[in-house]
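This briefing sets out selected features of the structure shown below, grouped by topic. Please read it alongside the sequence and the coordinates.

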Amino acid sequence: MKIQIGIADNHRQAIADQLIKILADENVLYIKTKNAHWNVEGADYHDKRTFFDTQCKQLDDIINSIAERIRSLGQYVPATLKSYVSSTHFTEQNGERHNSHAFITELLQDHESLILRLCEYTMNCKDDLHDVATSHFITCLLEIHQKMAWPLRSHIVE
């Protein structure tokens with residue numbers, strides 16, 4: 001059945017491709033946050049474990065909403081680790097330090113990096129691909145990540 005949602009077919013594919021890259025980043029960020037939740041050590045263990053768990057739940061909600069947006073565009077959602085690793089712009093650190101400061105610093109850098117990418121995608125969807133709805137959707141993701149970065153940043157103020 002032909003999809004009639006006011007977005008050209010070739011634009012729907014291009015938008016889905018951008019969302020798939022975001023989905024990959026979100027999944028990798030989720031795993032990195034889960035790693036912090038599982039492996040944090042130190043005197044602040046309990047508080048940080050709870051904090052990382054809250055961020056994981058937020059990321060899980062984001063991941064689901066992105067997958068639903070991709071499906072609403074008539075595209076299928078890649079759901080393999082291989083596809084995420086090949087599409088993400090994130091890298092992994094060596095993981096030798098398990099204190100909260102090291103985890104938080106890396107996660108903050110990742111959120112801020114993703115925020116910059118989301119800014120680009122927002123404008124591209126609106127201006128180049130003529131999809132105001134997905135532009136708004138990505139703007140909402142941008143706002144969520146700005147709010148998630150704020151407590152991370154607050155934890156490492158010296």
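The buried residues of helix 5 pack against helix 1 (9-39), helix 2 and helix 4, where contact means heavy atoms within 4.5 Å. Helices (H or I, at least four residues) are DSSP runs numbered from the N terminus. The model is predicted: local features need pLDDT of at least 70, side-chain atom pairs count only at pLDDT 80 or more, and totals for chains, interfaces and linings use all residues. Residues are numbered from 1 along each chain as its sequence is written, and side-chain values use heavy atoms, with hydrogens and water left out.

**Helix 5**

- Helix 5 comprises 24 residues (132-155) and spans 35 Å from its first C-alpha to its last, close to the 34 Å expected at 1.5 Å a residue; the expected span is 1.5 Å times one less than the number of residues.
- Its buried residues are T134, S135, F137, I138, L141, L142, H145, M148, A149 and L152; buried means under 20% relative accessible area, exposed over 50% and partly exposed in between, with a 1.4 Å probe and protein chains only.
- The N-terminal end of helix 5 is capped by D131, which has a side-chain oxygen 3.2 Å from the backbone nitrogen of A133.
- A polar contact is a pair of N or O atoms within 3.5 Å; within protein, one must be able to donate a hydrogen and the other to accept it, and residues adjacent in sequence count only if both atoms are side-chain atoms.
- S135 lies in helix 5 and counts as buried because its relative accessibility is 4%.
- A polar atom of the S135 side chain lies 3.0 Å from the backbone oxygen of T122.
- With neighbours within four places in sequence left aside, S135 is in contact with T122, C125 and K126.

**Helix 2**

- Helix 2 has 28 residues and reaches 41 Å from its first C-alpha to its last, close to the 40 Å expected at 1.5 Å a residue.
- The buried residues of helix 2 are K48, F51, F52, Q55, C56, L59, I62, I63, I66, R69 and I70.
- The cover over these buried residues includes helix 1, helix 4 and helix 5.
- I62 is placed in helix 2 and counts as buried because its relative accessibility is 3%.
- Not counting residues up to four places away in sequence, I62 touches E26, L141, I144, H145 and M148.
- I62 and I3 are 59 residues apart in sequence, and their C-alpha atoms are 24 Å apart in space.
- G74, which follows helix 2, has a positive phi near 85 degrees.

**Aromatic pairs**

- Rings of Phe, Tyr and Trp (its six-membered ring) pair if their centres lie within 6.5 Å; planes under 30 degrees apart count as stacked, over 60 as edge-to-face and the rest as tilted.
- By this rule there are two aromatic pairs.
- The ring centres of F51 and F52 are 5.6 Å apart and their planes stand at 55 degrees, so this pair is tilted.
- F51 and F52 are both buried.
- F52 and F103 form an edge-to-face pair, with 6.3 Å from centre to centre and 80 degrees between the planes.
- This second pair links distant parts of the chain, with F52 in helix 2 (residues 45-72) and F103 in helix 4 (residues 100-128), 51 residues apart.
- F52 and F103 are both buried.
- One aromatic cluster is formed by F51, F52 and F103.

**Loop residues**

- T88 is located in the loop between helix 3 and helix 4 and is buried because its relative accessible area is 17%.
- The T88 side chain makes a polar contact of 2.6 Å with the side chain of D25 and reaches the backbone nitrogen of F90 at 3.1 Å.
- Apart from neighbours within four places in sequence, T88 is in contact with A24, D25 and V28.
- H130 is found in the loop between helix 4 and helix 5 and is exposed because its relative accessible area is 53%.
- The phi of H130 is near 55 degrees, a positive value in a residue other than glycine.
- Most residues other than glycine have a negative phi.

Terms used
Helix = DSSP H or I, 4+ residues; strand = E, 2+ residues; numbered from the N terminus.
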